[in-house]
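Q: Could you walk me through this one, chain by chain and then the interfaces? I'd like the cut-offs spelled out as we go.

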Amino acid sequence: MTTEQEKPEIADESGDKYKYGFVTDIASDTAPKGLSEDIIRLISQKKGEPDWLLERRLEAFRFWQKLKEPTWAKLSYDKIDYQDLYYYSAPKQKVAPKSLDEVDPELLKTYEKLGIPLKEQEVLSGVVAVDAVFDSVSVATTYRAKLAEKGVIFCPISEAVKEYPELVKKYLGSVVPYTDNFFAALNSAVFTDGSFVYIPKGVRCPMELSTYFRINAQNTGQFERTLIVADEGSYVSYLEGCTAPQRDENQLHAAIVEIVVLKDAEVKYSTVQNWYPGDKDGKGGVYNFVTKRAACRGANSKVSWTQVETGSAITWKYPSCILQGDNSVGEFYSVAITNNRQQADTGTKMIHLGRNTSSKIISKGISAGRSNQTYRGLVKVSPNAANARNYSQCDSLLIGPDCGSHTIPYVENRNKTAKLEHEATTSKISEEQLFYCQQRGIGEEEAVSLIVNGFCKEVMQHLPLEFAIEAAKLINISLEGSVG
Amino acid sequence: MGELVQKVELMGSDLPWLEGLREKGAVFFERQGLPTAKTEAWKYTRPRDLLADDFILPPLEEEKENACTCGEHCTCGHHQREGEDFPLSAYVIDFENGALEHIAHNLPRGVTIKPLIEAIYEDDGIRKYLNKSFDMEKNPFAALNTAYLEQGLFITIEKNMRLDKPLALVHHSFSCHENLMFHLRNVIVLEEGVKAEIVEYYNYSGNEKSRYFTNIVNEIYVGRHAELKHYKFQDEAFKAVHIAYNAVKVKGEGRYNGFCLQRGGNLARNETRLSLTEERAEAEINAAYIMNGWAVIDTTTDVEHLAPYTKSTQLVKGVVGGQAKGVFQGKIHIAPMAIKTEGAQLHKALLLTDEAEIDVKPELEIYNDDVKCSHGAASGELDADQLFYMRSRGIGEEEAKQILVDAYLQDVLEKINNQDIKDWLAAKAKLAK
Amino acid sequence: MKTPLLEIEDLCARVADKEIIKGFNLTINEGEVHAIMGPNGAGKSTLSHVLCGKPGYEITAGTVRYKGKNLLAMAPEERAREGIFLIMQYPVEIPGVPVTTFLKHAVNAIRQHRNEPELDTMEFIKLLREEGKKLGINPDMLKRPINVGFSGGEKKRLEALQLAVLKPQFSILDEADSGLDVDAMKVVAEAINAERTEHNAMLVITHYQRLLKDIVPDYVHIYADGHIVASGNKDLAREVEEQGYAQFLKEK
């Protein structure tokens, strides 16, 4: 425990290790608790949505009512009472902000505290544009003018519905239909905000796009929806970060991310998920049920998911790739860390439909404390996917005698020309390795963090640089107190 | 749909505890029903054939003549089997159409083999083991097997016995009757320090299009310091359904070494659930399958490490041709107290045709950090360059394929320690002409 | 007047329930090189592990003072920061952690302990390259994960490099097993000799006298059954080589 004093920046006022655990005191406009067609109509009305979208929401809601919450994941949690949640909460502002100057200073302060500067001149010399989503609405999107010069659209999805209805209508729900699963149906019925990105033909997006999600209000579910469309020959790198205040009760987060990649286009999607994980006894924390999927529709398209998952009490998340276009490529790089009582069931699906498609899965799971973690993956090769290639590697590192680590890959091959390879190992930090570091003067916690960072290296190198530094710090914080 | 649970009079119906057990089996089976697409343990193997036909128990001896439907040009051979005798030197136990026919006379002292129903009547120790090694609530076919508990063997081998030859359980199916079902239960107990080999051989002669259903449950208990080598060759008729469940428990420093070659059946599953219950118990499970036509062949393993210093390895290799589907599900479970354990598993499959399919689910479930575990899976096709090279040197295509397939399966066949059995199975692991 | 660096008195230690070190006594002064020789399986490695604080050993009796302080009360990293360095016969592999990253952490932890300013990345890399060059270490090797896929010679070079940059005051060379790679050892021997000063001291644990031709000791001790059974100068090592250990084992 020698490094405790070396990281003073991580301790917040409550003395806990989760530094994003503060609550912003801001007046909010909240719809009544519970879920019904009326609530959905209310959400839709508050957002001034067109009828077609309301209809879709209602359809999804009716379908959702027929579904049962899935139980196949290795997760155990108290039943969620969907009628005991708020489905809409927005910071109260008289009118929608036209520019950043009109945004409530209290909100700007929140994001500053989180290390997300929304004032454009402060954003890292113009390399990242940010969309900030606070509870149910997007509060600010930076650099829109600069992006517009290139024809790139980056705005809250609620705005896109009104300003780019053809695009939204065409692609929304085309990758993840509301019939997909329980949480996708729920999200399709009640989603409130999120980001919309469109990269026109042949454009390389000049900066990283980033969305920052924040749950603030109590008992509020956050249901954001992200839609990214990369038109032919385009490229974009997109980052997503998440935090929530420290609360004793559980917060629900059920999001959908849809990505459409057309011919010769490439999308890189990176996530650093750091929702509040609950305290060391498992009290509180975010329930994170997310459906993320990318469709590589055109030939030579490519999508790459990179995720660093350190937060949430419960994680249920399988970012997937549908490799439809010939020669399309899907990648999944994941680091998931669970400590204390956290539970994560996460992985990916690679669905090979086109010819010469290839995919790669590198998953690194670290379990500590009394946490449980499952890698669950599917590699599926359809009869037409000649010459499909997959390489999967799932490594688990266990720290301490009370944690659990599970690996469940499904491999389904219906084409003989496919070459598929899966490897998985589990290990612990050996006493020999620890002793070697200590013998060279490195303290135990620092040694653990060195070894864990080494273990995760293959994944971390796929993150954009600023993100990688933040992620490495997060990993160390997440594992504090797991040894010794 | 035919009912698999039927009201029939079985031997031993005068024993209330046995009747009660059968009743329980029937209830558990009916509660679960046949596995469907939603049954995770049977995700890739759906026993549709069992829905399509009505299966019945074999007719009793006195009814056999009358029941024969073959007519005067009878070639079915139901009067006399024509199938291959067990080709190797062994203590042979023959079954014909699901019924025990003969037990070798020259068994060494210390080896006791009794018909199951006789052992049940004698009630000399069998109740300690019977139906004690698995959970009927989670195994529909083992429950069904319990509902028909009658045929099979109770084998006990006394402390420190070393068998000089394998015991061979040879199952000949050759009945002309359609849609027979056989439910067999073997309870095998190796006491402390025993070293033994057991071979199971399922073969078919007679009308090759015959459809029947074999449902076997083996309950195997390996004592402290004991070692069992368990070989199996499944070569059923091509329309048959073969479902086998091996529940194995291994005690301290005991060793179980299983090898299964599957080649026959339209739907075949060999499932092994093995528990290493005490320190330093070890297991090796190896398997090979080679298939054609429309068959589905399933190899499922579930190895539980329940004690410290236990060790298991698995190697399964398959060759899938025709429109067949190979399935491998393998699980390694490591309990919280099972420190210093090692578990390794590897599955590889070769797809020969465009319509062939392979579905794999290797699984690790680990509840403590002081373990070494790994699994791997790979699938691919024959190397075109190698094939071409051989053909360019004058080797015919079929022969060249066979050479490559032989090479592919060689490492798993090498796991067989008994040279005679290795040679026998290597000769059987060939592509169909 | 000689200044004692390491003073071991009546040390007893065991692993699990097995007594390995039984009443061990030795004093090493600044500037001295001591060699401990003994047959395979005599528990020579246990001694080096106990001195460095490797977990898994139970000290049942005795004291060890290092620079006058109670060594046994220190954590392994504190001992390292105080200048104890163990050259391991089989150094462990750490996947994913490049040599440079690892050594930067180690060097700065030790510098901090000595109240010296930490080196920034540029300074550090320069130092590492310079020292590496002297040992014939290719800069590519510095980017590779520690010991992963290293040949025996490369592993030894890396240990020598660490010796050179961490600048310990008391080094322990543990070559307890008989499997000795003579060429690889030359590299280490040279590195060790380069660090010999009147303040530094050294303990060489070995099976063979061969090693002692390259690192010439001031004192040689024969270790058997958990303690020293004979002591002398470097001639004792030659005697062992000619006549074997048997004579010493009989004496007890």
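A: Two residues are in contact if their C-beta atoms, placed from the backbone, lie within 7 Å. Among contacts in chain C between residues at least 6 apart in sequence, 72% join residues at least 24 apart. This is a predicted model, in which local features need pLDDT of at least 70 and side-chain atom pairs count only at pLDDT 80 or more, while totals for chains, interfaces and linings use all residues. Residues are numbered from 1 along each chain as its sequence is written, and chains are lettered from A and ligands numbered from 1 in the order in which they are written.

Q: What percentage of such contacts in chain B join residues at least 24 apart?
A: For chain B, among contacts between residues at least 6 apart in sequence, the figure is 85%.

Q: How many helices and strands does chain B have?
A: Chain B has eight helices and 19 strands, where helices (H or I, at least four residues) and strands (E, at least two) are DSSP runs numbered from the N terminus. Its radius of gyration, taken over C-alpha atoms, is 21 Å, close to the 22 Å that the globule rule (2.2 Å times the number of residues to the power 0.38) gives for 433 residues, so chain B is as compact as a globular protein of that length. The C-alpha trace of chain B spans about 65 × 60 × 45 Å along its principal axes.

Q: And what about chain C, how many helices and strands there?
A: Chain C comes to 10 helices and 10 strands, and its radius of gyration of 18 Å agrees with the value near 18 Å that a compact globule of 252 residues would have.

Q: How much of chain B is buried?
A: Buried residues make up 52% of the 433 residues in chain B; a residue is buried if 20 or more other C-beta atoms lie within 10 Å of its own, exposed if 12 or fewer, and partly exposed in between, with C-beta atoms placed from the backbone. In chain C, buried residues make up 40% of the 252 residues.

Q: Why is S14(B) described as largely enclosed?
A: Strand S14 (residues 296-305) of chain B has nine of its 10 residues buried, so it is largely enclosed by the rest of the structure. S14(B) pairs in the parallel sense with strand S12 (residues 267-276) of chain B over 10 bridges, where two strands pair if DSSP finds at least two bridges between them. S14(B) also pairs in the parallel sense with strand S16 (residues 325-334) of chain B, over 10 bridges, and the bridge partner of Glu304(B) in S16(B) is His333(B).

Q: Switching to interfaces, which elements of chain B touch chain A?
A: In that interface 30 residues of chain B are in contact with 28 residues of chain A, and the elements of chain B that give two or more residues are strand S18 (357-366) and strand S19 (371-381). S19(B) gives the most to this side, with 11 residues.

Q: Which strand of chain A pairs with S18(B)?
A: Strand S22 (residues 404-413) of chain A and S18(B) pair in the antiparallel sense over six bridges, and Asn413(A) stands opposite Ile358(B) in S18(B).

Q: And the contact between chains A and C, how many residues from each?
A: There are 17 residues from chain A and 23 residues from chain C. On the chain A side, helix H8 (431-439) and helix H9 (444-460) each supply at least two residues, and H8(A) gives the most, with seven residues.

Q: Where does H9(A) bend?
A: H9(A) bends by about 40° at Gly454(A), the bend being the angle between axes fitted to the seven residues ending there and the seven starting there.
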